[in-house]
Structure formats: structure tokens, C-alpha cells
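The sequence and the structure come first.

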Amino acid sequence: MGRTEAETLTVAKGFAIKSNPHPSNGAYLEAKSGEASAGGVFEGGAGYYDLTVGYFDETDGVSHMEVVVNGAIIDSFEWNGTFGNERSSPASRAEYLIGDLWLAPGDLIELRGMGDAGEPLRTDYIDIAVDSSPPSSSTFVIEAEEMEIISGFEVVSNGKASGGAYLQDAFQGENGRPVEARAAYTFDRAGTFDMTIGYFDENDGVSSMRVLLHGREVDRFDWDSRSGGERANEHSQMERVISNLTVAAGDRLELVGHGDGREPLRTDFLRFEPAAPASRATPDLWYEDEGEVIVALNDGTGSFTERGTGITIGDADILSGDFDGDGDLDFLRVGLSNGPTPTGVPDEVEYDVQTMLFVNDGSGNFTSSTISDLTLLAKSINTFPRFNFEAHDAADVDADGDIDILATEATSGSLFLLQNDGSENFSLLSRTPVDLPSSSTAFFGDFDGNAHLDVVLLTDIDTSGVGVLVNEGDGTLTFRDAASPSIEGTGTARSSTWMAMATTTLHSPLTERGVASTPS
């Protein structure tokens, strides 16, 4: 906040401190030729600011400067003034204002530039003041070449690109091996936007891209056009729209992809246009009652109409999710169809798990569909009255666009991730040994802030023992932390007669869940 004298910045290269009676504190940074950079860490509070660069712009040359925050170019300008004179004097003082700049504590602000011999980069100060009129939610464009390159991308000039350049997959890293291409943009404003990705989709290969917001995938698509041509030009220009993307200032958006040699992820721009927030659907309920799944449909005012689904439960478990990808909530019944059966190996048994999908027609009516069977092996390490296989949660754990299963089996002390092949056929992704009571509870969640779902496991009888297992990215789970708040606990046994699960409407994917029970 306030003024920072340029000569107090940390010089990375190119700049030297020069004394002069005309700068605000009797000195400035000067770079006569070659690249120069200097910077410092912002220590103010998070918010919108006006940043002003004070400098001397003589009339005898043209220099260039970029203002960079956390590695991303925020603005750039030429020192090409025609007023003043050829000396660093009051007549050649100049200022460059960057308004509506979002800054947060710890942000690294850098000045980068190139002087010429006649016009040295004589930089006097940086002023930072609170922006009294932060930006409204209006259309704005981010050129891809201005994004922060994390890996795999390079900037390539092309006159057909909107800003004269685009990002392109560099094909391989320093060791000669393919590198995942990643680039990021940090939002400096909040709002709900329709985001358009401009890119060049030639007809000579197939690339793929994922769009992540704070590590969670919001879209993915293939660059597989058969129109246009084999060059990045007006014939191969394409746009991809992601509607109703709600963001807050400081949110981080990433483009992640893999090119092939002929289709190198040529990314041109991101355009954000204000959009009305998507209407929030009123949640319906589903619960189990006397061995059947019941749905309670919300009329939008908090009044519900109950309806039987005909889905019987028996000794199985019921999971909910948009398994067929059509935007409404389906049900998956998961249970043992056979076993456990000894395999002949000491203490080893095998058992068959069967899943049956019940597809929602969009109106809360369900029809049985795919049946899948798989066989699991386990060694018995605990002695319980019965074999305790339980399916707990469903989510896309391997980021391939379909919903997978989280399950446990207490007799063998196993936590299973069961992988969906996209057609609701399941196979073993991983088995993790865990210490389990006769009954447990587990859920998916992203606990380390990357793009991979982790697992939280409730292991005490009263569910007050909590363990977190982190996904290494390939389905391998590593124990990270555990807690057991009190020996008394406050958990409540879940009623097997009536369990209500709060969801979004049965016309939308599941996004939130709560548990309530009534006396039987």
C-alpha cells in the first residue's frame, strides 16, 4: 500500500540503482539495454487496487515494460513519449496506471522490460492505492499467451490469432518425453460467466483438453474436427462454450491437455461474458422404507409428494448419482451375489459383487438396466458374525467422466475402489488395507486440493473416528491423517427403517447430501 521506491525492489537482472535529483527519493532503477526485471511481494489485504508506475520517458528512444503478477503479464506499455526532452528531468516524468487490479497477500509483483540505448528504463516508483470503484461484471478477454504457463505450453506468434499469438503444446520436455500442457489464469473479479475458449482445431489429428476450476473438472473435450484444414487459420478457428461458470476473485482456472504431433493444442483466448446465474433447483429427497427406495418430489415450495420406485434393497446397498450422464439422478444397487467361498489358499476367500443400475427417465420413474458382476479376493483377518461388504459412495474418482464406487469389507480389512468402464461394468481399481470395525462409513472428497478425489473413513462404532486417505492420482490411497475426538462421541446410529438423503432434484446430478432419521 502506498508508494514503493523502485530502488528498494529486489533486482533480478539488468537494473542498476542510479542517483538523480529528480526522482521522488533521489534515485531510480535504470536499465540501458538487454532484459531487466525487479520486483517485490505485496503485503496488503486482498482486494482491487490501482497500480501506478512512475518513470522517466525521454524523447530519444522507445523502451518496453511489462507489469507481471505471480508470473502472469497483467499489462505492458511502450515508453515512446514525445513531450519533455532527452533527459531525466521534471519535463520527462510520466506515469502509467493499471486499474481494477486484484491483489492478495503474498502476490509477487514484477517490472520486466527492455531498454534501448537512447531510452533507458529509468523507473522511479510504484504506487498502489485501493480501487474505489472495482470492476463490475462485464465482458473481458484473456489472451491465452498471457496466461501463466505451468508446463508443456509455449507461446507461438501467428497473425490469425486474436492477439497475434497463441499457446501451443511444446510436445516434449527437457528429457525428451511428452509433457502435460498446463496453463492457468487467476480471476481478479467475481461473477457468473459464459466462458468461451477460442482455439484452432485442424483436421490432421486429435488432441484433448480439460478445464479445471480450483482443481475440479468443469469440462473436457477433444479437438477432432474434420472440417477446416491442416493449418492454424480462419478455416480452423473454433470456439468451445462453458455456460454459467460462477467464480470468485482469486479462483484459479487451468487448461490441461495433451496434443499430438499434428494437432498441438493451439489455444487462442478465453472470453468471459456475463450470464444470469443458473436457477437453483429445489432438492428432492430419497430414503429407504421397509426394503424399498422411496422418492419424495419437491414442488418447489418445500411440499413433497412421495412415490415408491419399486427398487427393492434386500441385503444390498443403494448409491445415487448420474450414472448415465443425462443430468438426472439414478440409483445403483450394490451387494453380494455369492460367497464368501474359500479359494484353497489359507484364510483367503472370494466373493462375487453384483451391481444393478436403475435409470431415471427424468421424471422420477426408474427402470432396471445394466447388471454387472465382479469377483473380489480377500484374506480374512477379523472375525465377525457375518461377511461385511458395504458400498458407501459414488463419484468419478479416476477423472474419466463416469461414476465409480467406494466400498469396504470389514472381515478382510479392505477398502475398495471399483472402476466404471463407462457402461456401468465395474472392476477393481485398488484395494487398500484398513483397520475396520464390523460396520463403517466412507465418503469421497478432495482433501488436498488437487484434481483427484480422496477418501474420508469413519471407523469407530459411534463414527467419531475419522481417517483421511489421499489419492495418489492412479487410485492408490495413502493414509494421511486420523482423529478420534472423544471416547463418548456424538454419532447416532442410522435407522435401517427410514433414512432420508437430501439431494438436488431428481432432474439434476447429485451435489449435496445429508442424513436424517425418524423413529421406527
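Which residue in β21 does M209 stand opposite? The residue is G257. The model is a predicted one.

## The strand pair β18 and β21

M209 and G257 face each other across a strand pair. Strand β18 covers residues 207–213 and strand β21 covers residues 252–258. They pair in the antiparallel sense, over 6 bridges.

## The sheet as a whole

β18 and β21 belong to an open sheet of 5 strands, ordered β13-β16-β21-β18-β19, with antiparallel pairing. At the edges stand β13 (148–151) and β19 (216–223); each has a single partner strand, so one side of each lacks a neighbour in the sheet. From one strand to the next, the twist averages 20 degrees.

In general, strands of a sheet pair through backbone hydrogen bonds, either parallel or antiparallel.

Most residues other than glycine have a negative phi. L265 is not a glycine, yet its phi is positive, at about 50 degrees. L265 lies in the loop between β21 and β22 (266–274). Is L265 buried or exposed? L265 is buried, because its relative accessible area is 0% and the cut-off for buried is under 20%.

E424 is a residue other than glycine with a positive phi, near 65 degrees. The loop that holds E424 runs between β32 (414–420) and β33 (426–433). E424 has a relative accessible area of 8% and is therefore buried by the cut-off of under 20%.

Methods. Residues numbered from 1 in each chain as written. Predicted model: local features only at pLDDT ≥ 70, side-chain atom pairs only at ≥ 80, totals over all residues. Heavy atoms only, no water. Pairing = 2+ DSSP bridges. Helix = DSSP H or I, 4+ residues; strand = E, 2+ residues; numbered from the N terminus. Axes fitted to C-alpha atoms, helices over the stretch in contact; angles between N-to-C directions. Buried < 20%, exposed > 50% of the residue type's maximum accessible area, 1.4 Å probe, protein only.
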